[in-house]
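Here are my notes on this one, point by point. Keep the viewer open while you read.

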Amino acid sequence: MTEFPISGFREKETPFYYYDISLLKKTLDTIKRTSAYPGFKVHYALKANSNPELLRIISSYGLGADTVSAGEIRTAVDTGFPAAKIAFAGVGKTDAEIELAIKYGIGAMNVESLPELENIRDIACRLDICANVAIRVNPEIDAHTHHYITTGLAENKFGTLECDLEPMLRIIKDCDRLNFTGFHFHIGSQITTMEPFRILCERINKLQEKYSDMEIPTLNVGGGLGIDYDDPDLNPIPDFKGYFDTFARYLRLRPGQELHFELGRSIVAQCGSLISRVLYVKEGHQKKFVILDAGMTALIRPALYQAYHRIDNLTSESDKKAEYDVVGPICESSDTFGENIILPLTHRGDIIAIRSAGAYGETMASTYNSRPLPQTMFFDNF
């Protein structure tokens with residue numbers, strides 16, 4: 001359960017992101033314990049949250065890093081992630097980004113198309129430096145999640161289809177400046193049942209059988225494990241045991257083969273909350289509006305995905321409850337955090353926590369309307 005130092009909140013200018021570091025450490029301890037299978041290696045996906053304080057803690061637990069830009073590669077290295085434990089993904093890597101990744105000697109670039117692989121080959125040969133490459137295979141699995149965060153279907157822009165692997169493998173074999181590290185997969189995000197992961201294991205097993213005569217040092221199964229947005233206090237730590245056990249049970253690793261994971265949301269989401277103040281309570285004819293000083297510039301997920309985040313009034317002492325639409329100050333109709341939300345009677349000045357915001361909250365914040373980026377506050381129970 002997240003600890004909220006409310007007295008400290010009253011004194012701090014809002015909005016800001018608050019991180020419960022003790023919960024983050026408990027989450028990392030759980031990952032370390034439940035992933036202790038031979039060959040299992042866990043990476044953290046920086047796109048979920050790249051706050052340097054959080055990254056230094058995560059890297060201290062020995063995790064690798066999953067990155068999607070040159071900026072994230074630099075940030076990962078600067079916060080303690082060894083270059084050899086960094087993976088670089090993305091369908092649109094620029095020449096400058098590829099060159100930087102090669103010079104850093106990162107563990108793998110996850111290649112997503114034939115033209116991209118040809119470009120990596122040309123750059124590696126020009127630099128005369130060996131580039132570590134993995135091929136991202138699209139397994140055509142429907143993870144049954146939001147269509148914006150489904151990545152494993154044939155019509156998604158990510159990865160290459162199995163039927164197109166041969167020419168890519170031939171290029172790698174024919175070039176002494178390309179080092180094949182393995183296959184990479186990712187089927188989507190916020191997956192809350194283990195069935196899609198079991199199906200992924202079956203697809204990978206078949207692929208390994210097809211290429212039984214080829215050395216495949218590493219399999220990377222991405223991430224995607226979801227969290228409980230409805231009740232973060234009841235389930236502050238996701239089902240990592242069920243997740244890792246699924247792969248241990250159903251995926252047939254070869255002797256000495258490594259299995260890599262790229263978890264993001266499940267590591268940082270629950271330790272973070274967006275803290276805001278109530279500016280006004282507006283009485284409409286049919287609705288009551290709680291107007292906050294935080295808007296979609298601080299947390300865009302509800303506006304972009306229609307995502308649900310639990311909303312708590314941390315300071316109301318009323319036993320009575322009312323129904324509100326909780327909205328922000330931005331001049332956009334989509335600037336809404338939740339509709340028909342039941343809260344204790346709420347008044348101007350109350351402190352509101354928008355929960356489970358540690359992933360894709362701060363990292364997606366913007367300065368739209370020339371608003372400043374939200375600040376951060378940390379709390380650790382030693």
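1. Where is Gly188 found? Gly188 sits in the loop between strand 7 and helix 8. With a relative accessible area of 0%, Gly188 is buried. If you draw a line from Gly188 to Gly224, you get 5.4 Å between the C-alpha atoms, although 36 residues separate the two along the chain.

2. A word on confidence before going further. This is a predicted model, and the protein chain has an average pLDDT of 94, with 95% of the residues at 70 or above. The stretch to watch is 145–154, where pLDDT stays under 50. The model still gives that stretch 35 contacts beyond four places in sequence, so please read those contacts together with the pLDDT, which is the predictor's confidence in each residue.

3. Now the second largest pocket, which holds about 490 Å³ of space. Its lining counts 28 residues, and those closest to the centre are Lys41, Val42, His43, Lys85 and His260. Several elements each put at least two residues into this lining, including helix 2 (21–34), strand 4 (86–88), strand 5 (108–111) and strand 8 (218–220). Strand 2 (40–45) gives the largest share, four residues. By class, the lining of the second largest pocket splits into 14 nonpolar, 10 polar and four charged residues.

4. On to the rings: the structure has 19 aromatic pairs. One of them joins Phe183 and Tyr211 in a tilted arrangement, with 6.1 Å centre to centre and 50° between the planes. Phe183 belongs to strand 7 and Tyr211 to the loop between helix 8 (195–210) and strand 8, so this pair ties together parts that are 28 residues apart in sequence. Phe183 and Tyr211 are both buried.

5. Compare that with Phe244 and Phe261, an edge-to-face aromatic pair at 5.0 Å centre to centre and 90° between the planes. This pair also links distant parts of the chain, with Phe244 in helix 9 (residues 240–250) and Phe261 in strand 9, 17 residues apart. Phe244 counts as buried because its relative accessibility is 0%, and Phe261 is buried at 0% too. Both rings belong to one aromatic cluster, along with Tyr37, Phe40, Phe197, Phe240, Tyr243 and Phe247.

6. Which residues does Gly264 touch, leaving aside those up to four places away in sequence? The partners are Tyr44, Ala45 and Ala48. Gly264 is placed in the loop between strand 9 and helix 10 (265–268). At 8% relative accessibility Gly264 counts as buried, because the cut-off for that label is under 20%. For a contrasting distance, take Gly264 and Leu165: 99 residues apart in sequence and 28 Å apart in space, C-alpha to C-alpha.

7. How many cavities of 30 Å³ or more does a search of the whole structure find? It finds one, and about 30 Å³ of space lies in the largest cavity. The lining is made of Ala101, Ile102, Gly105, Ile106, Met109, Cys130, Ala131 and Asn132. Helix 5 (95–104) and strand 6 (131–136) are the elements that give two or more residues to this lining. Sorted by class, the lining of the largest cavity has six nonpolar and two polar residues, and no charged ones.

Conventions. Residues numbered from 1 in each chain as written. Predicted model: local features only at pLDDT ≥ 70, side-chain atom pairs only at ≥ 80, totals over all residues. Heavy atoms only, no water. pLDDT = per-residue confidence, 0-100. Contact = heavy atoms within 4.5 Å. 1 Å grid on protein atoms, 1.4 Å probe; cavity = no way out; pocket = protein on both sides within 12 Å on 5 of 7 lines; lining within 4 Å. Points joined across faces, edges and corners; volume = space filled by probe spheres on them. Nonpolar A, V, L, I, M, F, W, Y, C, P; charged D, E, K, R; others polar. Phe/Tyr/Trp six-rings, centres within 6.5 Å; stacked < 30°, edge-to-face > 60°. Buried < 20%, exposed > 50% of the residue type's maximum accessible area, 1.4 Å probe, protein only.
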